[in-house]
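Colleague: I'd like to learn how to read a model like this one. Could you walk me through it?

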Amino acid sequence: MIHIRHRFSPLQRLLHWLMAACLLAMFFIGVGMVSTIMPKYLPLVATHESLGIAILVLALIRLVVRLYQGAPALPADLPEPMKLAAHLSHYALYALMIAMPLLGWGMLSAAAYPVVLYGGIRLPSLMPQSDSLHALLWDAHFYLAFAFFALVLLHIAAALFHALVRRDGVFETIAPVPVGDELAPAKVIPAE
């Protein structure tokens, strides 16, 4: 028998919403860091570093879970360009969830700044000390943050489009709790 899943697994949904909260916090903390020189700067940096590493770890776990458990199929009537956009945007989201923390870690390493997480855990340096490498990684981290934020906004817009306009069940696959007809048991189709 083939079991047709209509939702992501509970672990996938938990990781999705936990990471959504972390990423949203990270964006606001990042903006706060680059816009202040007040005494709040150092606690913001410490939080940004720890949260960045947490996002990296969660993204790697999430990627493994996604590769292992897969995802519910997109609606059959969804136009092919929209399916392609969905797949490409998810690849980009995963790439940025992994690349951004690594860029930040590398940037700090190149500047000879230690990455110290909450609890006093000190991470090893990823890059040799280099002012030019630091500047390059800082620029990449800074500008990719805007691209990442734009991609997250696009992701939210797509979720709202599926939930409120198309009403095609795509949002319900990742909703934190079952919605409407989802409380009914999943269909089981006999294998041929």
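Colleague: Let me start with a proline: is Pro81 buried or exposed?

Modeller: Some ground rules before that. This is a predicted model, so local features need pLDDT of at least 70 and side-chain atom pairs count only at pLDDT 80 or more, while totals for chains, interfaces and linings use all residues. Residues are numbered from 1 along each chain as its sequence is written, and side-chain values use heavy atoms, with hydrogens and water left out.

Modeller: Now the proline. Buried means under 20% relative accessible area, exposed over 50%, and partly exposed in between (1.4 Å probe, protein chains only). Pro81 comes out at 62% relative accessibility, so it counts as exposed. Pro81 sits in helix H3; helices here are DSSP runs (H or I, at least four residues), numbered from the N terminus.

Colleague: And how many salt bridges does a search of the whole structure find?

Modeller: The general idea is that side chains of opposite charge can pair when their charged atoms come close. The cut-off is a side-chain nitrogen of Lys or Arg within 4 Å of a carboxyl oxygen of Asp or Glu. The search of the whole structure turns up three.

Colleague: Which residue forms a salt bridge with Asp77?

Modeller: That's Arg166, with the closest N and O atoms 3.0 Å apart. This pair ties together distant parts of the chain: Arg166 is in helix H4 (residues 131-166), Asp77 is in the loop between helix H2 (41-69) and helix H3 (80-110), and the two are 89 residues apart. Arg166 is partly exposed, because its relative accessibility is 25%, whereas Asp77, at 58%, counts as exposed.

Modeller: Arg166 has another partner too: Asp168 bridges to Arg166 with the closest N and O atoms 2.7 Å apart. Shared partners join Asp77, Arg166 and Asp168 into one network.

Colleague: What about Lys83, which residue does its side chain meet in a salt bridge?

Modeller: Glu80, at 3.5 Å from N to O. They are three residues apart in helix H3, so about one helical turn separates them. Lys83 counts as buried because its relative accessibility is 16%, while Glu80 is exposed at 55%.

Colleague: How should I check the span of H2?

Modeller: Take 1.5 Å times one less than the number of residues. H2 has 29 residues and should span 42 Å; its end C-alpha atoms are 40 Å apart, which agrees. Just after H2, Gly70 takes a positive phi of about 75°.

Colleague: Last one: how much space lies in the second largest pocket?

Modeller: Picture a 1 Å grid over the protein atoms alone: a pocket is an open set of points with protein on both sides within 12 Å along at least five of seven lines, and lining residues have an atom within 4 Å of a point. Points are joined across faces, edges and corners, and the volume is the space filled by probe spheres set on them. Here that gives about 950 Å³. Of the 34 lining residues, the closest to the pocket's centre are Gly30, Met33, Val34, His48 and His141. H1, H2, H3 and H4 are the elements that give two or more residues to this lining.

Note on methods: On a 1 Å grid over the protein atoms alone, a cavity is a set of points where a 1.4 Å probe fits but cannot get out, and a pocket is an open set with protein on both sides within 12 Å along at least five of seven lines; lining residues have an atom within 4 Å of a point.
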